[in-house]
Amino acid sequence: MNDGPLIVQSDKTLLLEVDHERAADCRKAIAPFAELERSPEHVHTYRLTPLGLWNARAAGHDAEQVVDTLLDYSRYAVPHSLLVDVAETMARYGRLRLEKHPVHGLVLVSTDRPVLEEVLRAKKIKGMLGERIDDDTVAVHGSERGNLKQALLKLGWPAEDFAGYVDGEAHAISLDNSDWELRSYQREAAESFWHGGSGVVVLPCGAGKTLVGAAAMAHAQATTLILVTNTVSARQWKDELVRRTTLTEDEIGEYSGSVKEIRPVTIATYQVLTTRRGGVYKHLELLDARDWGLIVYDEVHLLPAPIFRMTADLQARRRIGLTATLVREDGREGDVFSLIGPKRYDAPWKDIESQGWIAPADCVEVRVTLPTDERLVYATAEPEERYRLASCTHQKLQVVRDLVAAHPGQPTLVIGQYIEQLDELAAALDAPVIKGETPVKERQRLFDAFRSGEIGLLVVSKVANFSIDLPSAEVAIQVSGSFGSRQEEAQRLGRLLRPKSEGKTAHFYTVVSRDTVDAEFAQNRQRFLAEQGYAYRIVDAEDLPA
Amino acid sequence: MAEGFRSLADQLRSWPDERLSLLLTERPDLASPAPHDSGQLASRAATRASLQRALDQLSRLELTVLDAVVVSGHTSPEVLTTRVKAEPSVVAAALERLVSMALVWESSAGLRPLTGVAEALVGGPEAGVSGLRPCSSPEPTRREVEARLAELSAPARAMLDHVEAHGGEATTGGRHTVLPADAATPAEELLSRRLLTPRGSGTVVVPGEVGIALRGGHTTREPADDVPALATTERGEDRVDGVAAGTAFETVRRLELLLDHWGAQPPSALRSGGLGVRDLRASAAWLQVDEPTLALLVETAQAAGLLSTAADEAGDPAWLPTDLLDSWVLRSPAERWVGLIRAWLGSPRMPGLVGGRDPAGKVWNALSPDLSGVHMVETRAMTLAALAGLTPGECLASGTGLPSVVTLLRWQRPRRPRTRAEQVAWTLTEAAALGVTGLDGLASYARLLLDGDDERATKALAALLPEPVDHVLLQADLTAVAPGPLESQLARRLQVVAEVESRGAATTYRFTPASVRRALDTGWTAVELHDFLGEVSRTPVPQPLSYLVDDTARTFGSVRVGAAEAFLRADDEAALTELLHHPKAGSLGLRRLAPTVLISTVPLDVLLPRLRELGAAPVVEAADGTVHVVRPDQRRARTPREHRGRAAETRRVLATASVVTAIRSGDRAASSRPAGTGALSPSGSLAALREAAETGTPVLIAYVDNHGTRTERIVDPVSVEGGVLTAHDHRSDDVRTFAVHRITTVGPAGGPVGGGP
């Protein structure tokens, strides 16, 4: 019997024993086609999904390679049905190809006529196609390139896009490498994106996704549109680009609620693009304002639905998506695949962490017991009120105070969901608070002060979840969240995972109320973090060192 | 064979018992009911139905040889060997088989086909039929034929070639009897040289010897021993075994899971006996397999006697695992698999049809009685035999592999029905799904199984299956991974304290508050749980898991003992107080013993339902302190009779032997009868007529015609079929038919007609 590190289960999960001597090789071999589902301390679980297998196909792996890898590393015999399924799924990718035709423009070409026939008969697709050119070719309306890819993926016959890209308006951009260098994985990520044409790069928070974007721009040498989640993040992108590339401040425009500049490199927020007045997207013309050669999507997993629709019309331009996770709470991973592109690069968090690029984290869940009177209120409350009641208990105040006291001199963030609670905490801790209504300028000032060490403690609402670089934070205390969302957890942990001086360990505390929905949601979070491989402990508030 | 026999019956009489047994094994239809004597055996062998069955079992080569025998008429094995375009040794072997199947026998004049063979040989070249007419008698030598051919003019030769290529028959209006010198037309040229022979009413045919000469001295132009090759690729023996063993393990595991599930929640049986589509779909989803796989699993289980119908609680028929299951699960996975595959090999069932529709548009249900096919077992065996013929590690090529198997099987049994291709495809799919093959190559252990060596097959498979492990890996995300199949005791205990999340060779368990509470429910204490986890884990117990156990135990409650009719205890004083003061609780005789304990003066069986009525949810503690847990009963059906033991094969062997003995004693009785008396039974007269047809000897029959007139005539029987004797009647010098039931006596011509029955 083979003594491999991998156990292939018939439910299409792969269990990788990490302490095995061949585990590292195996991980490298299966990473292209299997999605890492959880990575706790001993056994990592990967899953084979159609999207994962198609991603692998897009990256040039064939079914035989996948099957051989599974058989090579598998400890036990691999069920036949699984191998058949892998081969069949992978064979579905690329039977249909989108190509350029000298006469008919965009065409859909099939190497397998029955597939084409099946697809032609699908109701959803009929309207997107033009006349049948020959047995294997059918014309496609140029404007339907993205919609067609989306629809074909839903039918289970994802099309490979060979129709190419426009070059866009040339613009010289190069990296300014005078005092820094791209990390090896960043270079790999940018290169595999460039070779793939369009696609998504998956890197954990703090791993320097902005630089991957900059490197992609340097490859493209063309005008670039960057779409980000919010204004603060837009400013950060701008600063980073000015610092790391040959671009000057004048070449970079911001297109947001307050400023509307269109420059060779323009950074726009999702929000401004999705603003509607009278049912019309007001700022759509931005997309055509210039002949963009590259479009960068920051935080692809948060891409709002209208942007998907707009992206469907941008299929002729190169697109790079940057994200920490492909998991979308709305389950639209397939749209990312068909509209932005397949995954081009992925590195497991823990790997990058062990390379020293991001800080290790110690996760602790602190359980407080509700006092009797609050329990009574909780027990009689309406279900939708319960989470707020449980997570805003006054008991948490004392715990937060203790925790802050336990880490003197370490920059600390207190993160919460409910404004009242945050205000109360800020007052009690005598710390500034950043919430939705805080003006951008004020936010910027506080963040800068925190970064420079002027302020050691900051209370923030969920506005800080995304794309704000607070590399100095060493301690985060979470008092409430949005119902245990996995994605939010990834983002919040990400605040702490930026490289630290002297390789310090970051601390991530979650304060929850025992025996309430708060604790139930905490379980999702706990599971997520443990699955990501972080040490996780649960302590009772009474047991905390005072 | 130098002197030859007078008839087939004669030849059968001369055969040793072993050879007779072989005949009865090859053509089992001859043995039931047991024939009286060799005469009846020979006559039965020549009936059309039996002939068809025998011919259906022949390969294309054997059919070609048989066809050559028919074309040649009486001929020697040596001549025959040269006439079939194949290796002489191969032809000899084929001929040997034909003789042992009593399709060809050795007369004094040479090899002869059994009467009726010529008519039964139908089809084209793919069925081994050359389409040649019988050779003329007496047959000219090959040299003579070639000399005549050489004399032909070009148009005559072209005409002959054309006729030969288009069925060997033509019509001509010209003279039929001419001398070579007088021949005016190409047709006359051919007729005069007997290269075409007249067949009456203007029809002419190419005689066999001419056809053979035109085909280069053989009955066929194509070689007859050109066995189609399988399209294969090399995948490596280890790979094949690995994939197949993985599937084999899955099959056994899944079947056990499914049958356990059905034991608790049996699906109902349809009135027609099958399994409903909805149940099939639900079970497939439950087991996480596709519907065809589920159909195959349940069909195999039924074939192995693990599944049967019985009445459920409501008295309606339901599909239930049989009591055989309980002993089956105790065996090793390899043993279980071998048992399943034995059953599958012998099963005529066609689960591949499930989900499709019959010609009437009705959906085929799994386990439905109509789902059997007569040729399925044979096709399955032949398909697997074809795979077994490959070297280990050689697999069917994807795409072209399946058609090549179909082609090979069509060569091996050209006369079989057209549905064969479908059945071959099913066999390959099923073999792959059950773990008989991997990557479309036969697994090494399956090879042993096909050779009939179950014991070594079991051992070989067991060596490929994962070894049981005695530990798990505990992780901070509250999962436990058993990196292989767990020892069954351990598996059972883990299943109590954790939920199974993913199954396969390894198992992933997840600890949840509910699962820990369930463990506490069944009598575990927190300390025991900690000890158990520490003991089975190879890694330190993660803190969140310890915390989970403690946290759950905290809310659970500690053990108390009561000494009254019954006691009630709870950590919740208020709940007890509430019960104590409940207006309807007066009759229960509740008394508070301690803040958290009540006792009752009412026995348990009365107390329990009353408490439930009051809205409490009590659990019962047994005398030894354990908590009773209500578990749905596992139900079993009786194992159908035929699956108790494998005596069928032995019975068949014994039966053949007894038939041989019966025939022998019949022969002795016949020979001890005084010769010539010929008191013939109806079956005896049939045998006599058949024998006469074969030997071509005239017989004297007494015949009663439509008017009741009894006449005696000497006839040359041609064939006996369907109750009608076709014979050349000497009296009218014509071929006539006689209803056999009107023939009162049969006797040798020249001798006295024997007295009728």
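Tutor: Two strands pair if DSSP finds at least two bridges between them. Strands (E, at least two residues) and helices (H or I, at least four) are DSSP runs numbered from the N terminus. The model is predicted, so local features need pLDDT of at least 70 and side-chain atom pairs 80 or more, while totals for chains, interfaces and linings use all residues. Residues are numbered from 1 along each chain as its sequence is written, and chains are lettered from A and ligands numbered from 1 in the order written.

Student: In what order do the 3 strands of the open sheet in chain B stand?

Tutor: The pairing in this sheet is antiparallel. β16 (566–569) and β17 (591–594) of chain B each have a single partner strand, so one side of each is left without a neighbour in the sheet. The order is therefore β16-β18-β17.

Student: Which residue of β18(B) stands opposite B:A594?

Tutor: β17(B) and β18 (residues 597–600) of chain B run antiparallel and are joined by 3 bridges. Opposite B:A594 stands B:V597.

Student: Which residues of α18(A) are buried?

Tutor: A residue counts as buried if 20 or more other C-beta atoms, placed from the backbone, lie within 10 Å of its own. In α18(A) the buried residues are A:K396, A:V399, A:V400, A:L403 and A:V404.

Definitions and conventions. A residue is buried if 20 or more other C-beta atoms lie within 10 Å of its own, exposed if 12 or fewer, and partly exposed in between; C-beta atoms are placed from the backbone.
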